[in-house]
Amino acid sequence: MKVALIGNGNVGKAFARLLESQRSRYPFRISGIHTLNHGTAYKPPDKPLEFGPRAESIEEFIAKCRAEVVIEITSLDPTAGEPAISHIRAAFAQGKHVITANKGPIAHAYRALKAEATARQLMFRYESTVMDGAPVFNMVANTLPGVKITGFCGALNSTTKVVIEELKKGHTIEDGVRLAQQMGIAETDASYDIDGWDSAAKTAALANVLMDANVTPQDVDRRGIGQLTPEKVADMVSKGKTPVLVSRARTTAEGIRLRVRSEVLDQTDLLASVHGTSNVLMIDTDLMGTIGTVSITPGVEQTAYGLFSDLVDIAKNL
Ligand SMILES: NC(=O)c1ccc[n+]([C@@H]2O[C@H](COP(=O)([O-])OP(=O)(O)OC[C@H]3O[C@@H](n4cnc5c(N)ncnc54)[C@H](OP(=O)(O)O)[C@@H]3O)[C@@H](O)[C@H]2O)c1
């Protein structure tokens with residue numbers, strides 16, 4: 001099966017390595033790669049991918065690489081979800097199944113994109129938009145039939161976890177961001193991590209898919225970790241506390257309330273007790289109480305696995 005990548009950064013490269021390592025079991029092939037500054041590549045028969053000038057349009061790229069599945073992994077735009085939403089629509093228009101790790105489209109246009117895919121009988125998957133490859137959307141869809149999700153809370157942003165660990169060592173926010181960038185886990189614009197936009201986009205995406213909320217990141221009451229200093233964090237630690245950037249959703253009489261905050265938690269709190277880049281999400285349900293999913297020290301390989309799991313799933317359902 002042929003796949004086309006739109007975006008070829010940390011995630012795209014990790015995904016290509018993963019496909020290569022699984023080639024004997026899964027004969028998926030990358031038939032084209034489209035980037036912003038590095039041109040466009042197509043795969044001639046029996047030759048490796050060749051990069052040349054950038055395709056004139058996304059429509060031209062999708063048509064020329066003749067893939068069955070398009071994978072959208074361009075940079076996050078938390079304020080409008082573009083141009084990723086247009087990329088996905090262009091793929092649907094040419095009859096392609098779509099997988100994305102980009103939370104922008106799920107946070108801004110989930111309902112419309114899902115409807116478009118359904119109308120065209122195409123598959124649309126987005127597992128790695130929240131918690132990388134750990135099962136979140138697929139867990140609910142495949143193992144919790146009949147439940148209603150009433151809320152959730154989670155520590156979902158790995159970059160701020162790395163930054164807070166650096167602050168605990170007396171280093172600066174900038175030191176922490178540099179470390180997260182070296183690990184390949186920061187957003188293209190890392191201020192989206194620090195200011196809580198990445199978490200707001202994840203919160204909106206979760207609410208849209210799991211709670212049918214039809215919201216955007218702008219509907220999330222958002223505050224990031226930019227005000228933290230090594231001194232403030234040391235004071236919290238001396239009291240057995242730690243800051244954690246937490247996403248929360250709850251159903252109220254007025255509707256669904258969404259919030260992202262740097263919360264001061266006991267170090268033993270479930271949301272604070274997983275270390276390094278680890279993420280945790282707890283989902284409140286009507287029939288199954290609260291259940292959770294935890295990802296221990298995820299990196300970009302786990303994001304690549306999330307894309308791969310969606311691809312295997314699409315191949316099975318073709
Ligand atoms: N890194 C992670 O751990 C992680 C985890 C979960 C989800 N994600 C999501 O995955 C996506 C990719 O992340 P990343 O870490 O790979 O980012 P990245 O390393 O910054 O790479 C972004 C890629 O997108 C390309 N791009 C940007 N705008 C484009 C456009 N308009 N048309 C075509 N290509 C475009 C860039 O092209 P150039 O190379 O030419 O600049 C680059 O190849 C993001 O949406 C991110 O939120 C990342």
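**Exercise 1. Characterise the lining of the second largest pocket in this predicted model.**

*Solution.* 
Step 1: sort by class. The pocket's lining residues split into 10 nonpolar, two polar and four charged.

Step 2: size the space. The volume of the second largest pocket is about 290 Å³.

Step 3: find the centre. The lining has 16 residues, and those closest to the pocket centre are Tyr110, Tyr126, Phe137, Ala141 and Val209.

Step 4: assign elements. At least two lining residues come from each of helix H4 (103–119), strand E7 (124–125), helix H5 (137–143) and helix H9 (197–211). H5 supplies the largest share, five residues.

Step 5: assign domains. Domain 1 (2–133 + 300–317) and domain 2 (141–295) each contribute at least three residues to this lining.

**Exercise 2. Find how many cavities of 30 Å³ or more the structure holds, then describe the largest cavity.**

*Solution.* 
Step 1: count. One cavity reaches 30 Å³ or more.

Step 2: find the centre. Lys161, Ile164, Glu165, Pro243 and Val244 are the closest to the cavity centre, out of 16 lining residues.

Step 3: assign elements. Helix H6 (158–168) and strand E10 (241–252) are the elements that give two or more residues to the lining of the largest cavity. H6 gives the most, with five residues.

Step 4: sort by class. The cavity lining holds eight nonpolar, five polar and three charged residues.

Definitions and conventions: Residues numbered from 1 in each chain as written. Predicted model: local features only at pLDDT ≥ 70, side-chain atom pairs only at ≥ 80, totals over all residues. Heavy atoms only, no water. 1 Å grid on protein atoms, 1.4 Å probe; cavity = no way out; pocket = protein on both sides within 12 Å on 5 of 7 lines; lining within 4 Å. Points joined across faces, edges and corners; volume = space filled by probe spheres on them. Helix = DSSP H or I, 4+ residues; strand = E, 2+ residues; numbered from the N terminus. Nonpolar A, V, L, I, M, F, W, Y, C, P; charged D, E, K, R; others polar. Domains from an automatic or database assignment.
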